[in-house]
Amino acid sequence: MSSISTATPSRTSSSFSSLPHFDRPTFLMCPPEWYDVNYVINPWMAGNLHRPSRDKAYAQWKNLHHHLQQIADVRLVHGQPGMPDMVFVAHAALVQHGVAALSSFAHPQRQSEEQPLRHWLQNAGFLVWETPRETAFEGEGDALFNANGDHLWAAHGVRTCRQSHRHVADAWHTPVTSLHLVDPRFYHLDICFAPLSGGELLYFPSAFDAPSRAKIEAAYSPEKRIAVTESEATQFACNLINVGRHIILGATGTGVAAKLTERGYAVHELNLSEFICGGGSAKSLTLRLSDSRITAGLGQPRP
Ligand code: ARG
């Protein structure tokens with residue numbers, strides 16, 4: 001069986017130019033109509049069962065949506081009853097060049113999100129690259145392109161299986177570097193590793209094992225590495241949205257905004273407390289649809 005499925009199964013490689021492309025930074029978001037903490041699949045959810053206020057969550061999400069709309073186009077996919085985590089839409093896929101590597105969630109509690117997202121992506125014209133159930137893959141949660149879009153970083157150890165990395169990277173024939181996550185609090189790459197548009201990396205070194213830290217240090221020179229402290233990391237400082245020189249992140253009350261401002265970024269800190277109860281923050285509430293170069297402000301629109 002082929003790994004590819006699209007809304008139009010007869011599409012061939014000669015029609016790849018008809019895949020969706022975006023001249024402006026573009027993201028997908030999912031309103032928190034059905035958001036709640038109904039089960040515990042990460043350490044942040046423990047003790048927070050049914051704690052988030054729907055009204056507050058909705059107001060915080062709307063504020064994020066409003067801020068993101070100032071710097072990017074935003075599409076919406078609607079959540080569904082029984083899918084309280086679908087609002088964390090970043091984990092449903094990884095998108096680049098109109099191809100979407102669809103997640104195969106590790107936990108059964110999130111697997112029902114795959115079908116509505118497959119459907120949305122196919123309807124929007126994306127070429128959907130399926131990932132096998134046996135080798136879990138959690139989209140942008142565990143796989144992030146650098147700003148240039150020519151290198152993929154992928155994590156394993158908690159949710160995503162290492163065996164999925166090559167398969168996912170093959171969707172774009174891109175080189176991939178595997179990183180091993182070793183602290184259950186940092187169960188996804190996108191809460192401890194954020195490649196930035198200026199070529200820097202914001203990250204929490206202790207989330208990774210020593211060989212992974214060595215790979216990161218080989219790729220990013222000391223001036224390009226911005227390490228966050230444990231208290232910044234545990235307030236999801238790395239779970240940020242970066243569009244050109246703009247950065248949106250959950251309010252951390254720490255020095256991280258100053259570290260980023262010093263590097264020339266315009267930082268917008270928002271209160272996302274209700275989503276922290278579910279184990280996520282700004283970045284996990286959005287899925288990048290435009291190419292990473294366009295999102296980073298590096299690319300020229302395709303003619
Ligand atoms: N409850 C969701 C989960 O455990 C939260 C995801 C947020 N993830 C993140 N990378 N910030 O899958």
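This is a predicted model: local features need pLDDT of at least 70, side-chain atom pairs count only at pLDDT 80 or more; totals for chains, interfaces and linings use all residues.
## Around the ligand

There are 16 residues around the ligand, and those that come nearest are Phe88, His188, Gly279, Gly280 and Ser284. By type, the shell is made up of nine polar, four nonpolar and three charged residues.

## The nonpolar core

The largest nonpolar core has 90 residues. Within this core, Val89, Ala93, Ala100, Cys192 and Cys238 touch the most other members. Helix H1, which covers residues 54-71, supplies the largest share of the core, with five residues.

Cys238 can be followed in more detail. Leaving aside residues up to four places away in sequence, its contacts include Ile191, Cys192, Phe193 and Ala194. Leu202, Tyr203 and Phe204 are also touched by Cys238, as are Val228 and Ala233.

Strands of a sheet pair through backbone hydrogen bonds, in either a parallel or an antiparallel way. In this model, three strands form an open sheet with mixed pairing, in the order S10-S11-S12. Strands S10 (193-195) and S12 (225-227) stand at the edges with a single partner strand each, so one side of each has no neighbour in the sheet. From one strand to the next, the twist averages 15°.

Strand S11 consists of residues 201-203 and pairs with S10 in the antiparallel sense, over three bridges. Opposite Leu202 in S11 stands Ala194. Both Ala194 and Leu202 are also among the residues touched by Cys238.

Most residues other than glycine have a negative phi. His50 is not a glycine, yet it has a positive phi of about 55°. His97, also not a glycine, has a positive phi of about 55°.

Where do these residues lie? His50 is in the loop between strand S2 (26-29) and H1, while His97 is in the loop between strand S4 (93-96) and strand S5 (99-102). His50 counts as exposed because it has 10 C-beta neighbours inside 10 Å, and a residue with 12 or fewer is placed in that class. His97 has 18 C-beta neighbours inside 10 Å and therefore counts as partly exposed.

## Glu134 in its loop

Glu134 belongs to the loop between strand S6 (127-129) and strand S7 (143-145). Is Glu134 buried or exposed? Glu134 is exposed, because 9 other C-beta atoms lie within 10 Å.

Glu134 and Ala233 are 99 residues apart along the chain, and their C-alpha atoms are separated by 30 Å. Ala233 is one of the residues that Cys238 touches.

Notes. Residues are numbered from 1 along each chain as its sequence is written. A residue is near a molecule or strand if its C-beta atom, placed from the backbone, lies within 6 Å of it. Ala, Val, Leu, Ile, Met, Phe, Trp, Tyr, Cys and Pro count as nonpolar, Asp, Glu, Lys and Arg as charged, and the others, Gly among them, as polar. A nonpolar core is a set of buried Ala, Val, Leu, Ile, Met, Phe, Trp, Tyr and Cys residues joined through C-beta atoms within 7 Å. A residue is buried if 20 or more other C-beta atoms lie within 10 Å of its own, exposed if 12 or fewer, and partly exposed in between; C-beta atoms are placed from the backbone. Helices (H or I, at least four residues) and strands (E, at least two) are DSSP runs, numbered from the N terminus. Two residues are in contact if their C-beta atoms, placed from the backbone, lie within 7 Å. Two strands pair if DSSP finds at least two bridges between them. Axes are lines fitted to C-alpha atoms, for helices over the stretch in contact, and angles run from 0 to 180 degrees between N-to-C directions.
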